[in-house]
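Hi there,

Here is the structure I promised to hand over. Have a look at it first, and then read on for what turned up in it.

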Amino acid sequence: MMIDIVFLGPPGAGKGTQARILAGQKYRIKQISTGDILRSITQPKTDMAKRALQSMQFGQLVPDDVVIGLIGETIEQTPNTGFVFDGFPRTLNQADALETMLHKHGRKVHMVVELNVDSDALVNRITKRLTCLHCGSIYNADTLQASTDNALVQCAKCGSSDLQQREDDTQDVLNKRLLEYYKKTAPLIGYYYAKNLLYTVNGLDDISTIADKIAREIDKRMHSVAPSSADARQTNLVL
Ligand code: AMP
């Protein structure tokens with residue numbers, strides 16, 4: 001069965017980390033991160049791309065049509081691949097567009113995982129976050145430093161020493177990103193709750209505890225069978 005899952009949460013909640021773990025598990029779904037796609041545009045050619053990258057630097061969301069276009073293209077190119085959407089949708093407009101794009105291929109969002117983390121913890125995580133430029137693995141600078149006797153910190157996964165802080169992972173830009181999140185993205189929590197798709201986990205738990213909880217919930221939801229039409233006929237429903 002093909003599944004599509006959305007990860008929701010403020011910057012630093014652990015969406016990227018958990019989406020990577022989930023994509024590497026048994027469900028045969030791919031991670032798609034709009035942030036990663038946008039960051040991979042190193043030499044923007046169009047005005048629209050230039051404006052999008054500027055918005056990122058200032059901690060603002062890039063316009064809906066840009067990210068909807070990126071996701072739409074990916075779904076069109078690989079209509080038979082289920083996705084874990086990491087950082088998309090981030091507005092109600094994007095959420096509606098996602099539903100329409102998936103519906104076109106007989107698909108739907110199966111579950112929305114909200115990673116809940118309080119703002120103080122986010123500031124600490126974000127300002128200490130290091131990303132491996134080689135394989136994309138994410139680390140906390142303090143934990144990584146403590147795990148080595150060397151002055152040189154290396155990626156535990158691929159051994160690269162190309163570990164960098166993201167340009168927008170500074171206290172100043174983070175404040176703007178948080179504002180954008182609470183203003184434009186947080187309303188999606190209610191939206192997906194009302195659609196009965198929301199699953200909230202404590203984003204401060206251990207990485208592996210969170211991953212286990214998410215996997216268990218997916219299994220539970222995939223195995224809860226909708227009543228068949230025969231069952232429905234047996235109920236004495238009077239309208
Ligand atoms: P992320 O890597 O998910 O933290 O995203 C980094 C930045 O990319 C955000 O602060 C936004 O500027 C931009 N971005 C990523 N995804 C979206 C989205 N779905 N809608 C608008 N902007 C986005």
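**Around the ligand**

The ligand is surrounded by 16 residues, and the closest are Thr 34, Arg 39, Gln 60, Gly 87 and Arg 90; a residue counts here if one of its heavy atoms lies within 4 Å of the molecule. Before going further, please note that this is a predicted model, in which local features need pLDDT of at least 70 and side-chain atom pairs count only at pLDDT 80 or more, while totals for chains, interfaces and linings use all residues. Residues are numbered from 1 along each chain as its sequence is written, and side-chain values use heavy atoms, with hydrogens and water left out.

By class, this shell has six nonpolar, five polar and five charged residues. (Ala, Val, Leu, Ile, Met, Phe, Trp, Tyr, Cys and Pro count as nonpolar, Asp, Glu, Lys and Arg as charged, and the others, Gly among them, as polar.) Helix α2 (residues 34-39) gives the most to the shell, with four residues; helices are DSSP runs of H or I with at least four residues, strands are runs of E with at least two, and both are numbered from the N terminus.

Now for some polar contacts, meaning pairs of N or O atoms within 3.5 Å. A polar backbone atom of Gln 60 is 2.6 Å from an oxygen atom of the ligand. A nitrogen atom of the ligand lies 2.9 Å from a backbone N or O atom of Gly 87. For Arg 177, an N or O atom in the side chain is 3.4 Å from a ligand oxygen atom. Taken alone, the ligand exposes 480 Å², and the protein buries 96% of that (areas by the Shrake-Rupley method with a 1.4 Å probe).

Three strands form an open, antiparallel sheet in the order β6-β5-β7, where two strands pair if DSSP finds at least two bridges between them. β6 (138-140) and β7 (163-164) stand at the edges with a single partner strand each, so one side of each has no neighbour in the sheet. Strand β5 (residues 129-132) is joined to β7 by two bridges, and Cys 132 has Leu 163 in β7 as its bridge partner.

**Two backbone details**

Which form does the peptide bond from Phe 88 to Pro 89 take, cis or trans? That bond is cis, with omega near -5 degrees, and Pro 89 is found in the loop between β3 (82-86) and α5 (92-103). Arg 28 is not a glycine, yet has a positive phi of about 55 degrees. Look for Arg 28 in the loop between α1 (15-23) and β2 (29-33).

Happy exploring!

Technical notes
Polar contact = N/O pair within 3.5 Å; in protein donor to acceptor, adjacent residues only side chain to side chain.
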